[in-house]
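Look at the model first.

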Amino acid sequence: MSHAGRSAAETTPLLISGRNVGSKFDLKQILLRRIPILAWLPLYGSSKFLQDVLAGLTVGLTAIPQGIAYAIVAGLPAQYGLYSSYMGCFVYLVFGSCKDITVGPTAIMALLSQQHVMRLGDDIAVLLCFLSGCVITVMGLLHLGFLVEFVSMPVISGFTNAAAIIIGTSQLGTLLGLSGRSDSFVDAIVKVLDHVNEITAWDPLLGVCSMIVLVCLKKLPGKKAGTPFEKFLWVTSLARNAVIVVAGILLSYTLSRYDIRPFKITGNITEGLPPLAPPPFSVVKGNHTYNFVESVVELGSTVVSVPLIAILESIAIAKAFAKGKTVDANQEMLALGLCNVFGSFTRSMPTTGSFTRTAVNNASGVKTPMGGVITGCLVLLACGLLTSTFEFIPKATLAAVIMVAMYNMLELRIFTVLWRTKKIDLIPLTVTLSSCLAIGPEYGMIAGIVVNLILLLYFAARPGLLIEERVVDGLTILFVSPKQSLSYPAAEYLRERIMSWGNNGSRQRIPVVVEGRHVLRIDATVAKNLALLLADLEARGQKLVFWNWCEEARRTLISYDATLTMSFRASGSIVQIFSSRTFPSPHVLRE
């Protein structure tokens, strides 16, 4: 074989090998990105494990009482809160990319599930969990994380504030010792007013005292790295929900031993773990059975709103605790979706990242998502061994836990911030807040998004325009400068503004200079209207000059109408007499 032949023969395997190495490398990177546990588990050590155990136990002491409380908010039996609190921890261990996040039931997820549970029973919450997981997973696989960016901060704040108010007021009757549930914010207030004569003394007293103790425990001056006593205060502060619930259980149980029952208690909680089974694809309520399609129809817009809110809540928490690191929104969506899909096989209600438990996890010094496994194991232990104890939890104590959590969720400062920064953002905030309180959280969110999009379209159709007469070296010109890129809704508006300015007879002969410094892109509709503007001005004997336009916008204009090229070139005689005092930018044409 010749030297050339040997070279070719020897080169080919190297190229093939190079491609194989490259493909393996790409596959490895994909696996590490989509299954993050593969990246951190080989580096896992005993020191990290001890930190994760401490954090997991601390979060578990918060997750158990919160889970029970949120199940009650959703109208579900208390054990559903425990069912919803462990599977997400195990699934997020494998697919989660943020060490601090704890996935489980939240107040907002409970609120969005409540109306359907009260109408169709427990199974609908499990089905909603499965459907939400499927929607979120598909959105993650299709890289649709950018869609959440269309929900603005004022809309999110309005929804969050409304949810906190609705959930807080829904627990007002329980705090006062009244029976029954409320369907909405207004209904909760009306029921309290109608049954004010039925208020007992002991439940409100226990509830108010529980709230005071919770606030005091939060302010304990403990330190993670301090003396043993300071560490004890720090752990007590983090686990304050568990402390107050355990205190309520001990008080209720002790009094019941002497046949004294002054408080309404949670009652029987089903013992053991739920059966591992597929989610119910048909729902039985009374004498009617809803098949899968009918169940989805009954859920309506909730099939979209619950996944959307879950994504917003989880990604916002991930970014808040990322500490400068990049958050892969699509990976977080994939992890959250799978948490809900797998959770539905264990009778879970819809879940998402919890801000409260994530904050506790972070403060406890968690190192990896392994802390979630410890939390999940603690919840499983509670399901198997402690359900008989949980039945002595006073309802007023749980109401206090929820109301304090909702108070901390309120963002009243947002009104002041928007008033100082951009007052018009108060419109979508107010519309979202008031609509959620009046007609329900789902429709309130939709109303806020619609108002936000209307404002967005309005400002796209009415861009800021600087239009004024200027005198440059004795030459009077009409100077027009759009303050942003131009899209088709603004095309006719720009043309009309320029033409109406020159309706005065004394202005009909001065040249018009349209500066494109801030115009980074235009579309065909804008190009068409600028071509029409050129024709209209020429009919009045006016010159039109395009000055300082970027190459992309210039190319779009000329591609639409080649005669516009002359407007760029013919402007040279006018541009040359512009002084640098008037126009600080270089006075050159973009050829």
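Which helices each supply at least two residues of the lining of the second largest pocket? Helix H1 (3–34) and helix H2 (37–40) do.

The model is predicted: local features need pLDDT of at least 70, side-chain atom pairs count only at pLDDT 80 or more, and totals for chains, interfaces and linings use all residues. Residues are numbered from 1 along each chain as its sequence is written, and side-chain values use heavy atoms, without hydrogens and water.

A pocket is an open set of points on a 1 Å grid over the protein atoms alone, where a 1.4 Å probe fits, with protein on both sides within 12 Å along at least five of seven lines; lining residues have an atom within 4 Å of a point. Volume is the space filled by probe spheres set on the points, which are joined across faces, edges and corners.

| Largest | About 1200 Å³ | Thr160, Glu313, Ile317, Phe355 and Met409 |

The largest pocket has 42 lining residues. H15 gives the largest share, 8 residues. By class, this lining has 26 nonpolar, 10 polar and 6 charged residues.

Now helix H16 (residues 329–343). Its 15 residues should span 21 Å at 1.5 Å a residue, and its end C-alpha atoms are 21 Å apart, which agrees. Of these 15 residues, 14 are buried (under 20% relative accessible area, 1.4 Å probe, protein chains only). At the start of H16, a side-chain oxygen of Asp328 comes within 3.2 Å of the backbone nitrogen of Asn330.

How values were computed
Helices (H or I, at least four residues) and strands (E, at least two) are DSSP runs, numbered from the N terminus. Ala, Val, Leu, Ile, Met, Phe, Trp, Tyr, Cys and Pro count as nonpolar, Asp, Glu, Lys and Arg as charged, and the others, Gly among them, as polar. The expected span of a helix is 1.5 Å times one less than its number of residues. Buried means under 20% relative accessible area, exposed over 50%, partly exposed in between (1.4 Å probe, protein chains only). A polar contact is a pair of N or O atoms within 3.5 Å; within protein, one must be able to donate a hydrogen and the other to accept it, and residues adjacent in sequence count only if both atoms are side-chain atoms.
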